[in-house]
Amino acid sequence: MSELVEQLTMCIERGKINAAAPYPADLRGREGADELTARALRESVGPDAVLAACNEGMRRIGERFGRNEVFVPELLMAAKAMKAVMAHLRPFFQSGSVKAKGSFILGTVAGDLHDIGKNLVAMVVEGNGWEVVDLGVDCKPQKFVDAVKAHPGCTVGLSALLTTTMANMEKIVKEIKEQFPEVRVIVGGAPLSADAAAKMGADGYGADPQGAVAFLNSTT
Amino acid sequence: MTDKQWHTLLSVIRREPVTPLPVGFIIDCPWLPNWFGASILDYFTNDEIWLNANLKAVREFPDVMFLPGFWSEFGMCTEPSAFGARATFPGNEFPHAHRVIRSIDDIEELPAPNPATDGLLPFVLNRLKLARPRIEEAGHTIRFAVARGPLNIASYLMGSTEFLTALMMESDKAESLLKKITSFLKDWIALQRETFPTIDGILLLDDIIGFLGEPEFRGFGLPYFQELFEKDVAVRFLHNDAPCRVSAPLLPEAGVNLFNMGFDVSLRDLQELTGRKVALVGNIPPRDVLAAGSPADVAQAAKDLVASLDDKTGVLFSCGGGVPPHVSSENLNSFVTAIRS
């Protein structure tokens, strides 16, 4: 059993989605996160244990990312493997046998079509037991406001890659804070810093997906 | 760019001492239109406004080398438009291109654009052709062919997550896309050079480089930049203000001899990382200092930057990346004064 869980952790860390996936080359043809999760659930490994195995895999690759040993493509692959696991776990969340920690509304701000950071954060946060409401890219303030109304008690995440769209990010933070002062907002993206985040009125700054998870978990 | 500025730039690239220390900035639609008092849409759609904004900048800051100088562009839509990408132009915001590749199999069907006729490229070129007499009357010369880089264009055509995932999962198809884009870019650069024989520099802008590890950059970046940075031009200028620690040591191999980076790596570190084989354009923080700081903050950052370098040759003092929105004339002047003094 523990070997199965360890294999699953390794598949998440290495970004091995399923047996058909050609990446990574040295695991070609071997079972991936998809098959291992199905097997684990069949063999009565509980969904909480599966989720914990995945989080361990994401933690490992997150640390390697922080040490510049792996880069965004590898992180994306890990997140994709995680997504394959989440497809199996979704029914457990829906039935309430695994409880979501809360709702996280996430989008790339108006004028910015870059989705790498947002997608990574979405997948890692979801894998950490949060319900993620992904608003997509190029999101205007009203889209965030509507989503906050629909998900009371949520936390909001704003992503941007372009320096040029940071002004829009600030507008959205202000709009949310004006209408929902109690809602916590975290921002992230290449052009940002903790200082810039604080100046625009955000409650938190996530330098990477793990930072976003740490922020969210601190709010529960 | 004036002849004098061009020769100063060549001196910087040759790592010759330049006195006073040289200052240069990349300027384009994020800063120039609003600084001039026009909306971004007016700047894009009215050639007179575009020209006057550029003329005002070069006249108001005669000691600054603006790169590439009189940049005819439509933001991120320029090259993707030639591939048929829908372009969105909000009134006073930055335009963006929508993806055209929905599935990896669409790559094969992607047309090879003709830069002389397709998308916004004829507008780019014709604007510059019409403005050329007045640009030259003002003492400036068109020196650069400019384009977004192949990885950047691929990520616009396909979506950045999908493109980066394709590099890992379907590398042969990703390579096919990069080859198609590179072939188009070679035509586009050649057309610019043919239209303006004064061009002796190539500027490529590509931030996606910053997301790749070394094996991916070697496989999916380096060969294409080597093809694009033709050796017969004097200035081979790359902009990447995303992370650059991995790619910096490979820039000389890519053919780059001038590099504008972000501000996460110091110029001193970059001198080491590039083996002092690439001249550097940078790198005070563009938004937190150049845009949001006071003139005194900017002056201090500029002085700190100069003081951080034992060897000041091979550096064009600037911000990390292009000039962002809302940078005041006072702050630009403060930077220039601090560097030159």
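Domain bounds here come from an automatic or database domain assignment. On that basis chain A is divided into domain 1 (2-95) and domain 2 (103-219). The structure is a predicted model, in which local features need pLDDT of at least 70, side-chain atom pairs count only at pLDDT 80 or more, and totals for chains, interfaces and linings use all residues. Residues are numbered from 1 along each chain as its sequence is written, while chains are lettered from A and ligands numbered from 1 in the order in which they are written.

The centres of domain 1 and domain 2 of chain A, taken over C-alpha atoms, are separated by 25 Å. The contact between them takes 14 residues from domain 1 of chain A and 12 residues from domain 2 of chain A, two residues being in contact if their C-beta atoms, placed from the backbone, lie within 7 Å. On the domain 1 side, α3 (47-66) and α4 of chain A each supply at least two residues; helices (H or I, at least four residues) and strands (E, at least two) are DSSP runs, numbered from the N terminus. By class, this side of domain 1 has 10 nonpolar, three polar and one charged residue. Ala, Val, Leu, Ile, Met, Phe, Trp, Tyr, Cys and Pro count as nonpolar, Asp, Glu, Lys and Arg as charged, and the others, Gly among them, as polar.

The contact of chain A with chain B takes 26 residues from chain A and 24 residues from chain B. On the side of chain A, the elements that give two or more residues are α4 (72-95), α5 (116-127), α7 and α8 (194-199). Of these, α4(A) gives the most, with five residues. The side of chain A that touches chain B comprises 16 nonpolar, seven polar and three charged residues.

A residue is buried if 20 or more other C-beta atoms lie within 10 Å of its own, exposed if 12 or fewer, and partly exposed in between, with C-beta atoms placed from the backbone.

In chain B, Asn152(B) lies in helix α8 (residues 150-158). Asn152(B) counts as buried because it has 24 C-beta neighbours inside 10 Å.
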